[in-house]
Amino acid sequence: MPENGGTTGARPAARPGGRNARVRSRILAATTELVARDGVAGLRYEEVAKVAGVNKNTVYRNWPDRAELVSEALLRYAEDSAPFHDSGDLRRDLADFLMAFSERLSSPIGRALVQAAVAAPGHTDLDEAVRVAYDHRLASARKRFDSAVAKGEIPPVDSYFLTELLSGPVYLYINRRRRPFTREVAEKIVDVVLAGITATTP
């Protein structure tokens, strides 16, 4: 039946989790994949529709603004960012985080976030999506660091600064792609950072 309907009567409302939700999910996944490959500026609705297996008009109708489409795609997957776990062993937890983070950076959503961060200045929607994605990870980090401070494992720290110290080298490894990011590398980063914050605390 044509999209606008060929019969009289009210059109049934879309069911949550039904076909409309599945179509939206495919479009958002396709958007993430293409932003990771081509960047925000290189995103084309025709390509999104092709990868998602939908009509181009469906993409335009739901997201007439490209920045809004990219933003929703990033926010849709923001909660899947690398988490901080609390096993009681801070060194192991931080190394686990760096390993998960390296895998995440190598994934389509990770690459898309990096691309979006570059394009964010001047784009309010994109900037907000990037901020929310990173704030989600920072909130997880803050909770783990607060637990470590309470147990006396580390002195009081700036969670944002410590998270940047830990994650910064991972960006370099993944983006340069010269050497694999291994567990040994993750543990070395953790040891250097933890030794540093301990040594510099009055």
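This is a predicted model: local features need pLDDT of at least 70, side-chain atom pairs count only at pLDDT 80 or more; totals for chains, interfaces and linings use all residues.
1. Helices (H or I, at least four residues) and strands (E, at least two) are DSSP runs, numbered from the N terminus.

2. Residues are numbered from 1 along each chain as its sequence is written, and side-chain values use heavy atoms, with hydrogens and water left out.

3. The overall make-up is helical: the chain has nine helices and zero strands. Read from the N terminus, the order of elements is α-α-α-α-α-α-α-α-α.

4. Of the 202 residues in the chain, 39% count as buried; buried means under 20% relative accessible area, exposed over 50%, and partly exposed in between (1.4 Å probe, protein chains only). The accessible surface of the chain is about 11,900 Å², and carbon and sulfur atoms hold 52% of that area. Such areas come from the Shrake-Rupley method with a 1.4 Å probe, and for residues only the protein chains shown count as cover.

5. Contact means heavy atoms within 4.5 Å. Among the contacts in the chain with a separation of 6 or more, 65% join residues 24 or more positions apart.

6. A nonpolar core is a set of buried Ala, Val, Leu, Ile, Met, Phe, Trp, Tyr and Cys residues joined through side-chain atoms within 4.5 Å. The largest one has 26 residues, of which L94, L98, F145, I154, L166 and F181 touch the most other members. Two or more residues each come from α5 (90-105), α7 (124-150), α8 (159-176) and α9 (183-199). Helix α5 gives the most, with eight residues.

7. I154 shows what such a position touches: leaving aside neighbours within four places in sequence, its contacts are L90, F145, A148, V149, L162, L194 and I197. A second, separate core has 23 residues, including L28, V54, V59 and W63.

8. V193 lies in helix α9 and counts as buried because its relative accessibility is 11%. Apart from neighbours within four places in sequence, V193 is in contact with L162, L165 and L166. V193 and L162 are 31 residues apart in sequence, yet 8.0 Å apart in space, C-alpha to C-alpha.

9. A67, in helix α4 (residues 66-77), has 14% relative accessibility and therefore counts as buried.

10. The whole structure holds six aromatic pairs. Rings of Phe, Tyr and Trp (its six-membered ring) pair if their centres lie within 6.5 Å; planes under 30 degrees apart count as stacked, over 60 as edge-to-face and the rest as tilted. F97 and F101 form a stacked pair, with 5.5 Å centre to centre and 10 degrees between the planes. Both residues, F97 and F101, are buried. Ring pairs also link F84, F97, F101, F145 and Y171 into a cluster.

11. Y134, D135, R137, L138, Y160, T163, E164 and Y171 line the second largest pocket. On a 1 Å grid over the protein atoms alone, a pocket is an open set of points where a 1.4 Å probe fits, with protein on both sides within 12 Å along at least five of seven lines; lining residues have an atom within 4 Å of a point. Helices α7 and α8 each give two or more residues to this lining.
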